Structure formats: C-alpha cells, structure tokens
Amino acid sequence: MTTLLTEVQTSDKMVKIAREQLDAFNSGDWEHMRAGLASDSRYEELGTERKVDGPERIIEVYKGWKQAFPDAAGTVTSAFASGDTAVLEVTWNGTHAGPLTTAQGTIPASGKSQKVPAAIFYTFDGDTIKESRHYFDTMTLLKQIGVQPK
C-alpha cells in the first residue's frame with residue numbers, strides 16, 4: 001500500500017510540475033520555467049523538427065513562440081503520469097500578432113487566431129524536467145494563420 005501511495009504522490013507531483021511549466025509559458029514567467037528544467041534538459045518539437053539542449057536555448061524557443069503569438073495560452077485538457085514521465089494534452093490558442101521564425105524563413109504576423117491540439121511528454125530526473133517532446137498539429141496552425149491553403 002505504501003508503494004502505491006508513493007507512486008501516486010510521485011505521479012501527482014510530476015503532473016503538477018508539468019502544469020507549472022505550461023502556466024509559466026502562459027504568463028511569460030521565464031525564470032519559473034527555467035527553474036523546472038534540469039541543467040542538461042532537452043526540448044524537441046516534433047512538428048517543426050526542432051531540437052534544442054539546455055535551459056537557456058529551451059527558453060529562447062518558448063520566447064520565440066510568445067513573440068509570434070503574444071497572447072498564446074495552453075489549456076490542459078487531460079494529464080497523466082507513470083514511471084518518470086508526465087503527459088499533458090493541451091489546446092493552444094493565440095493570435096499571430098508577431099513574426100514567426102521557422103527553418104524556412106520568417107512568417108509575418110497575419111493577425112489571425114489559431115487553435116491547435118497538442119501533447120507534451122515530460123521525462124523527469126527527480127523534480128526537474130530532463131526532456132520534453134512537444135507534438136502539435138503544424139499543418140492546422142499554418143492553415144489557420146493563412147500560410148497553407150485550406
């Protein structure tokens with residue numbers, strides 16, 4: 001019984017830390033976000049094929065998204081944790097009000113709103129995030145901001 005209780009407490013704690021990362025992004029609290037990352041953390045965006053290592057580079061990626069979508073906010077629709085991994089299912093909402101830098105160039109602000117489903121998998125090392133893998137629907141995002149035909 002004690003082992004099960006410990007596993008539940010650990011799972012709850014990982015989900016709480018993962019949610020705090022999302023809340024930090026929503027509010028632009030980069031210091032709080034940085035505090036939740038391991039010194040050798042890695043971030044991967046599967047939709048853009050971007051991979052970065054280290055808290056500073058990870059924060060820069062998130063700042064880039066906030067520059068392109070200043071009002072961007074993620075809403076958690078479900079959360080789960082097991083072992084050393086927590087998963088958040090998220091809906092991203094925001095207005096494309098700034099330049100969006102991509103590997104193919106910069107997309108100027110369109111003023112259009114977007115709503116995109118996503119999932120973020122966080123792997124933990126103790127109480128810090130060692131790795132995060134962010135899956136989101138890039139094609140829907142590009143269609144909604146007018147870059148891809150509908």
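## Basis and confidence

Residues are numbered from 1 along each chain as its sequence is written, and side-chain values use heavy atoms, without hydrogens or water. In this predicted model, local features need pLDDT of at least 70, side-chain atom pairs count only at pLDDT 80 or more, and totals for chains, interfaces and linings use all residues.

The protein chain has a mean pLDDT (the predictor's confidence in each residue, from 0 to 100) of 92. Of its residues, 93% reach 70 or more. Helices (H or I, at least four residues) and strands (E, at least two) are DSSP runs, numbered from the N terminus. Strand 4 has the highest confidence, with a mean of 98. Helix 1 has the lowest, at 81. Over residues 1-5, pLDDT stays under 50.

## Nonpolar core

A nonpolar core is a set of buried Ala, Val, Leu, Ile, Met, Phe, Trp, Tyr and Cys residues joined through side-chain atoms within 4.5 Å. Buried means under 20% relative accessible area, with a 1.4 Å probe and protein chains only. The largest such core has 37 residues. Phe25, Trp65 and Phe69 touch the most other members. Helix 1 gives the largest share, seven residues.

Phe69 also has contacts beyond four places in sequence. Its partners are Gly94, Thr95, His96, Leu100, Gln114, Leu141 and Ile145.

## Arginine 133

Arg133 sits in strand 8. Its side chain makes a polar contact with the side chain of Glu131, at 3.0 Å. A polar contact is a pair of N or O atoms within 3.5 Å; within protein, one must be able to donate a hydrogen and the other to accept it, and residues adjacent in sequence count only if both atoms are side-chain atoms. Beyond four places in sequence, Arg133 touches Glu44, Leu46, Ala119, Ile120, Phe121 and Thr123.

## Cavities and pocket

On a 1 Å grid over the protein atoms alone, a cavity is a set of points where a 1.4 Å probe fits but cannot get out, and a pocket is an open set with protein on both sides within 12 Å along at least five of seven lines; lining residues have an atom within 4 Å of a point. Grid points are joined across faces, edges and corners, and a volume is the space filled by probe spheres set on the points.

The largest cavity holds about 190 Å³. Among its 14 lining residues, Trp65, Phe69, Trp92, Gln114 and His134 lie nearest its centre. The largest pocket has about 310 Å³ of space.

Methods: Buried means under 20% relative accessible area, exposed over 50%, partly exposed in between (1.4 Å probe, protein chains only). Contact means heavy atoms within 4.5 Å.
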